[in-house]
Amino acid sequence: MNDYILELHQVNMTDVDRVGGKNASLGELLRNLTANGQVRVPGGFATTAAAYREFLAHDGLADRINAALAALDVDDVKRLAVVGAEIRQWVMQTPFPPTFEQAVDHAYRALETEYGTEVSWAVRSSATAEDLPDASFAGQQETVLNVRGLTQIKLRIREVFASLFNDRAIAYRVHQGFDHAQVALSAGIQKMVRSDVGASGVMFTLDTESGFRDVVFITSSYGLGEMVVQGAVNPDEFYVHKNTLAAGRPAVLRRTVGDKAIKMTYAEPGSEQPVQTVSTDPAERQRFSLTDAQIEELARQAVTIEQHYQRPMDIEWALDGIDGQLYIVQARPETVQSRATNVLERYTLESQGDLLTEGRSIGAKIGAGTAKIIDSLDDMDQVQPGDVLVTDMTDPDWEPIMKRAAAIVTNRGGRTCHAAIIARELGVPAVVGCVDATDHIPNGTPVTVSCAEGDTGYVYAGKQPFSIKRVELDHMPDVPLKIMMNVGNPERAFNFAQIPHHGIGLARLEFIINNMVGIHPKALLELEHQPAELQARIKARIAAYPNPREYFIQRVVEGVATLAASFAPEPVILRLSDFKSNEYANLIGGQAYEPHEENPMLGFRGASRYIADSFRDCFEMECAAVRRVRQDMGLSNLQVMVPFVRTLDEAQQVIQLLADNGLKRGEDGLKIIMMCELPSNAVLAEEFLQYFDGFSIGSNDMTQLTLGLDRDSGLVANSFDERNPAVKKLLAMAIQAARQADKYVGICGQGPSDHPELARWLLEQGISSVSLNPDTVVDTWLFLANESVA
């Protein structure tokens, strides 16, 4: 339009020096991806860097600013706060040059002509050094929402200019080596999306914690997006599998309900502030803020943007509650995981103190130090290098002290809030959204913050010992068999998939049921017959799902699909539930349905449970979940394993039951493996293999049943050894039978993880694969590679 104003659709990524990264990216999307409806982006205009610099030239403003900054030590946080406030006041008091003000007037009238006078606007900052591949300004400058009228637009543009001198922005430029005078600011004026009556959030085209590239990670909460970005709310979280999405199949891998306690909406007309924060309705809090169709539509837009930019992206989005459409309001390069090197860095906590609190883990590291509870910026100087910062909500203004911390813990926030973004940028472990951290962590005491145990981060009392292992993964040698992993926790799947592997040899369904369902399947199927108090407890837990049966099936699908997608196209062998009766009884509502057994290890478990009339309807839900993962989602790398098959009659019945429930051997490539873990399985190996596609040897049960000892008893624990000659003879029989039948045979017990020489012996016997605990994969891989060379 002129030297001061450019319409957003006129700019692209070559205009970063004119309108900053944020506005240039919006223009790039508008010009390239909106014409065919692939991506929706609201229109508007941007002020230019030339307009900003001309504004600073007024009354020697730039000279005063440069002199103040040149004399400033940004690590003196109190002095930084004083100087920053003074500079911002200078900016707010300086009038616009007349030619610039006229250009803004003209551009705003043009928007009113296009969109009408009832529309409100977002005024966003866009720094000329912002959102470049190697810098993350993490929302350091101002954004003002629901701005109405030309007078307010001009006031908010001045606020945006002043925000270039927020304390956090000044400190960040110094620490990143940016010259203050070389960074200019553009204000973007963009049509508001009515997410105040809809939802909004942030999404990444990779997993933010592991760098896993095959998913889109979406956070969502009701109302305007500032609550999610600032970390003021614990949002819903969703993962979408890109390959499944591209195939046109159901692609939502995982769903997590956030508490969404508050939301930001438009304030009443005439209010001092344009927006307000209100409590979310309790019923809304229990529901997901997006439907699966909306989640997948967002993911499609995210993938389109990633493909256009040819790099992982960090995207802000909004759901208009009036027109029902999903819009992209910002897109920038992801700046942390996309720079990660191919080095496996594994933190392991050696011991645990008393658990103080837990929340969402950021990163996969462990940090320890003295806890410092900070209520306001006035107390920032209390945090010394190596302390653990504990606060309600870590606003990005706190960046100058965050870099001192060994770890960060907050009451509020999700994995895409500012605190999380800055923690990742700094490489500091953080646990966010704890709710009660400031109440349960004693101020001034040593604590350990562990983000090395999955999606959930833990804060333990005391400085606990931990180890760090680093392994270069670029040049793993060849090995003469397949090395698979034992993985039960879907929360760790994306991380574990980065380790060299040939798939999952043992995925424990009972782990998924215990951690993601948590309720006895029979109590769900007979919910209306439960006592009132138990009913209320269960209904609160399943509120986001259509009904009790769907809750069980969908939660199992989420866990199993996450494992299958993470390791695709390699095989993932899912062992069907192998709870013992005492373990099932520990699930919510389980006491009423489980027998008391003197020795549950040898009791009602495995195949005999599946085929029992009392459990059949529960097992049918497991089958329905597996069927959805394989048939609906198309993750056909998922295979099924049946545990604890005592007799050939049980084998025949369970294979028939699986077929009756849509899981027939050979259909769509389905393989059904048997857990070879009883002496009877090895003695009658040839006969059992007539019903199954192979064996996966369970060395734990095979050892205890061969040697006649209870592995849970400390009195005889010293006699438990998978290398015992009797055990090895049975293992050799099973391996030989499978090889003669030309069928799969692997081992998934603890033995090869604990004893590399046992892995070597299994290799000599001709085993197809060993499935190891993830922390032993690299060491065993290198051991076997060296053995094969020798």
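1. A helix here is a DSSP run of at least four residues, numbered from the N terminus. Keep that in mind as you look at Glu-650, which sits in helix H23, covering residues 648-660. One thing to know before going on: this is a predicted model.

2. Is Glu-650 buried or exposed? Its relative accessibility is 11%, so Glu-650 counts as buried, because buried means under 20%.

3. Next, have a look at Gln-704, which you'll find in helix H26, residues 699-707. With a relative accessibility of 3%, Gln-704 counts as buried too. What does its side chain pair up with? The side chain of Gln-704 makes a polar contact with the side chain of Asp-701, at 3.1 Å.

4. On to the cysteines. How many disulfides does a search of the whole structure find? The count is zero. Cys-434 shows why: the closest cysteine sulfur to its own belongs to Cys-451 and is 9.3 Å away, too far for a bond, since a disulfide needs the two sulfur atoms within 2.5 Å. Cys-676 is in no disulfide either, and its nearest cysteine sulfur, in Cys-748, is 10 Å off. Both residues are tucked inside: Cys-434 counts as buried at 5% relative accessibility, and Cys-676 is buried with a relative accessible area of 0%.

5. At least two residues each are supplied by strand S3 (121-127), strand S5 (185-191), strand S6 (199-204), helix H8 (226-230) and strand S12 (313-319). If you sort the lining of the largest cavity by residue type, you get ten nonpolar, five polar and four charged residues.

Definitions and conventions:
Residues are numbered from 1 along each chain as its sequence is written. This is a predicted model: local features need pLDDT of at least 70, side-chain atom pairs count only at pLDDT 80 or more; totals for chains, interfaces and linings use all residues. Side-chain values use heavy atoms; hydrogens and water are left out. Buried means under 20% relative accessible area, exposed over 50%, partly exposed in between (1.4 Å probe, protein chains only). A polar contact is a pair of N or O atoms within 3.5 Å; within protein, one must be able to donate a hydrogen and the other to accept it, and residues adjacent in sequence count only if both atoms are side-chain atoms. Ala, Val, Leu, Ile, Met, Phe, Trp, Tyr, Cys and Pro count as nonpolar, Asp, Glu, Lys and Arg as charged, and the others, Gly among them, as polar.
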